[in-house]
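Subject: Structure handover

Hello,

I am passing on the structure we talked about, with notes to read beside it. Please keep the viewer open while you go through them.

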Amino acid sequence: MAQIIALGKKTVAAVGTLVQLTTTEGVHAWAVRASEDNTGKIYIGLAGFTTADYVGIFWELNPGETFSSVSSGLNDINPSKVYLDTETSGNFLTGVLQVR
């Protein structure tokens with residue numbers, strides 16, 4: 001049976017300061033949603049990414065948008081390697097992880 005883990009509110013307090021999505025490793029699926037109250041984009045990428053040249057960024061979310069990823073295998077996505085940044089300090093997202 002699948003276990004659902006709520007990420008809670010993940011806030012990027014300051015532009016340019018990457019925030020780790022979670023420390024949980026090995027999930028089957030994950031999904032995040034940028035708050036509709038955000039005033040800029042949230043960037044999703046790998047540790048050390050930069051918004052100057054988009055190296056390491058694999059998605060950007062406008063306010064209210066979602067991103068999700070589902071594994072073709074069993075618990076082989078590692079969201080602990082995912083980081084967030086934002087255009088505007090204080091923007092946030094919420095999300096869930098699914099472990100099988």
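Predicted model: local features only at pLDDT ≥ 70, side-chain atom pairs only at ≥ 80, totals over all residues.

Aromatic rings

A pair of aromatic rings is described by the distance of the centres and the angle of the planes. The count of aromatic pairs here is four. One of them joins Tyr-43 and Tyr-54, with ring centres 5.8 Å apart and planes at 85°, an edge-to-face arrangement. Tyr-43 belongs to strand β4, while Tyr-54 sits in the loop between β4 and β5, so this pair ties together parts that are 11 residues apart in sequence. The two partners can also be described by their accessibility. Tyr-43 is buried because its relative accessible area, 6%, is under the 20% cut-off. Tyr-54 has 38%, so it counts as partly exposed.

There is also an aromatic cluster, made up of Trp-30, Phe-58, Trp-59 and Phe-67. Trp-59 is found in strand β5, which covers residues 57–61. Its relative accessibility is 41%, so Trp-59 is classed as partly exposed. Together with Leu-46 and Phe-58, Trp-59 makes a nonpolar surface patch of about 290 Å².

Salt bridges

Two salt bridges were counted. In one, the side chains of Glu-60 and Lys-41 meet at 3.1 Å, N to O. Glu-60 is in strand β5 and Lys-41 is in the loop between β3 and β4, so the bridge ties together parts that are 19 residues apart in sequence. Glu-60 is partly exposed at 26% relative accessibility, and Lys-41 is partly exposed at 22%.

The other joins the side chains of Glu-36 and Arg-33, at 2.5 Å from N to O. Glu-36 counts as exposed, with 56% relative accessibility, whereas Arg-33 is partly exposed at 34%.

Is Asn-38 buried or exposed? Asn-38 is buried, with a relative accessible area of 8%. Its place in the chain is the loop between β3 (29–34) and β4 (42–46). A polar atom of the Asn-38 side chain lies 2.9 Å from the backbone oxygen of Phe-92. If residues up to four places away in sequence are not counted, Asn-38 touches Pro-63, Asn-91 and Phe-92.

Pro-63 is in the loop between β5 and β6 (66–70). At 34% relative accessibility, Pro-63 is partly exposed. Which residues does Pro-63 contact, leaving aside neighbours within four places in sequence? They are Ala-34, Ser-35, Glu-36, Asn-38 and Gly-40. For Gly-40 there is a distance as well: its C-alpha atom and that of Pro-63 are separated by 6.7 Å, with the two residues 23 apart along the chain. Glu-36, listed among these contacts, is also a partner in the salt bridge with Arg-33.

Backbone angles

Tyr-54 has a phi near 65°, which is positive although the residue is not a glycine. This is the Tyr-54 that pairs with Tyr-43. Asn-75, also not a glycine, has a positive phi of about 55°. Asn-75 lies in the loop between β6 and β7 (82–86).

Regards

Note on methods:
Residues numbered from 1 in each chain as written. Heavy atoms only, no water. Patch = residues over 30% accessible without salt bridge, like charges linked within 9 Å, V, L, I, M, F, W, Y side chains within 5 Å. Areas by Shrake-Rupley, 256 points an atom, 1.4 Å probe, with all protein chains shown as cover. Salt bridge = Lys/Arg side-chain N within 4 Å of Asp/Glu carboxyl O. Helix = DSSP H or I, 4+ residues; strand = E, 2+ residues; numbered from the N terminus. Buried < 20%, exposed > 50% of the residue type's maximum accessible area, 1.4 Å probe, protein only. Polar contact = N/O pair within 3.5 Å; in protein donor to acceptor, adjacent residues only side chain to side chain. Contact = heavy atoms within 4.5 Å. Phe/Tyr/Trp six-rings, centres within 6.5 Å; stacked < 30°, edge-to-face > 60°.
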